Amino acid sequence: MLVSGFTFLRNASLLGYPFIESIKSLLLVCDEVIVAVGKSEDNTLELVRGINDLKIKIIETTWNEKMSDRGYVYAQQKMIAEFNCTGDWAFYLEGDEVIHEQDVPLIRAQMAKYLADKDVEALVFDYYHFYGTPNHVAISPRWYRKAPRIIRNTIRTYAPDGLFWVVMDKNKTGRYPKAANVGCHLYHYGHVRSVKSMDEKNKKVERYWGKTSQSFNTYGNVDPYSIAKFNGSHPEIVHSWLQNSAEQKLVFNPEYKLTSRDKKHRLMMIIGWFLGNPNWTKKHYKLIRK
């Protein structure tokens, strides 16, 4: 079994991504790692080269600056990297996602388990979305609880955006992939980077989603009921980044007014707790193996 990992980056250092930690965690699982690096204004390319691992293949790319439709430029870059994967499975991580070293044997075992089961087209991870500090996680339906991150590399797929895949069956209408659970979490750190880096990130990327960037100056403008304490362990590989580059204190704004979306999510959480906490978020996959 050959496993490819892939990701795409641009201005990752400037925008405060833990991308080196992300790539190094992917190397723990994969036999090769493809990194598409867009022309940047910082030292992202040099830092990726500095990892100095023979399993890494770097592809230098140019982003379509005119593309502002729902993050499709992210999809383009994701597919450039994916199309260069040669493994049986292709494992995608975003630049702010990290694999816990304790889960490496399980991830490899699950890929081996389903390698011959052709009905399983993707493998799905649970998620910890850290928010504000490494000690807090987002729990409202606004945040997806599960997502496919490993795709069978011998089927016809494309990515409408950076988050998910669509499978094409004999040129018919696309569908979400049929999937199995991996049984562990991925660790998402995009919303604990420094406030300064988050503000810079918004300025740089909102236009790719057809939005006008707004200044960001606090993580405190959020419904406190949508945030919970995290009592688990973080991947060892990201400890230094968390200490030196992540926010360490979350202060909720007492004057923050709930939006209609916040109120909707509160109600969904209450109903979910009453019914046993079902996964309310949209699923970009069809689970066929548990």
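**Buried elements and exposed spots**

Me: Which residues of helix α5 (residues 195-205) are buried?
Reply: The model is predicted. Buried here means under 20% relative accessible area. Cover for the buried residues of α5 includes α3 and β11 (178-191). In α5, the buried residues are V195, S197, M198, D199, K201, N202 and V205.

Me: Take K78. What is the nearest side chain of opposite charge, and how far away is it?
Reply: K78 sits in helix α3 (residues 72-82). It is buried but has no salt bridge. A salt bridge needs a side-chain nitrogen of Lys or Arg within 4 Å of a carboxyl oxygen of Asp or Glu. For K78, the nearest side chain of opposite charge is E82, at 5.7 Å.

Me: Which residues does K78 contact, leaving aside neighbours within four places in sequence?
Reply: K78 lies in α3, residues 72-82. Contact means heavy atoms within 4.5 Å. Beyond its sequence neighbours, K78 contacts F6, F8, Y92, A159, D161, G162, L163, F164 and W165.

Me: F6 is in that list. Which residues share its side of β1?
Reply: Strand β1 (residues 3-9) has seven of its seven residues buried. Both faces are covered, with V3, G5, T7 and L9 on one side.

Me: N11 lies in the loop between β1 and α1. What is its phi?
Reply: Most residues other than glycine have a negative phi. N11 is not a glycine, yet its phi is positive. At 4% relative accessibility, N11 counts as buried. Its phi is near 55°.

Me: N52 also has a positive phi. Is N52 buried or exposed?
Reply: N52 is found in the loop between α2 (44-50) and β3 (56-61). Its phi is about 55°, although it is not a glycine. The exposed class starts over 50% relative accessible area. N52 has 68%, so it is exposed.

Me: Where is S25, and which residues does it touch beyond four places in sequence?
Reply: S25 is in helix α1 (residues 19-27). It counts as buried because its relative accessibility is 0%. Not counting residues up to four places away, S25 touches L93, V98, I99 and I237.

Me: How far apart in space are R156 and R145, C-alpha to C-alpha?
Reply: R156 is in the loop between β8 (146-152) and β9 (157-158). R156 touches residues including V166 and N171. In sequence, R156 and R145 are 11 residues apart. In space, they are separated by 26 Å.

Me: What accessible area do L267, I271, F274 and L275 have together?
Reply: F274 is in helix α7 (residues 260-275). F274 is exposed, because its relative accessible area is 73%. The four residues form a nonpolar patch on the surface. Together, their accessible area is about 460 Å².

Key
Residues are numbered from 1 along each chain as its sequence is written. This is a predicted model: local features need pLDDT of at least 70, side-chain atom pairs count only at pLDDT 80 or more; totals for chains, interfaces and linings use all residues. Side-chain values use heavy atoms; hydrogens and water are left out. Helices (H or I, at least four residues) and strands (E, at least two) are DSSP runs, numbered from the N terminus. Buried means under 20% relative accessible area, exposed over 50%, partly exposed in between (1.4 Å probe, protein chains only). Lys and Arg count as positive and Asp and Glu as negative; His and the chain ends are not counted. Patches are made of residues with over 30% relative accessible area and no salt bridge: like charges are joined within 9 Å, nonpolar side chains (Val, Leu, Ile, Met, Phe, Trp, Tyr) within 5 Å. Accessible areas come from the Shrake-Rupley method with a 1.4 Å probe; for residues, only the protein chains shown count as cover.
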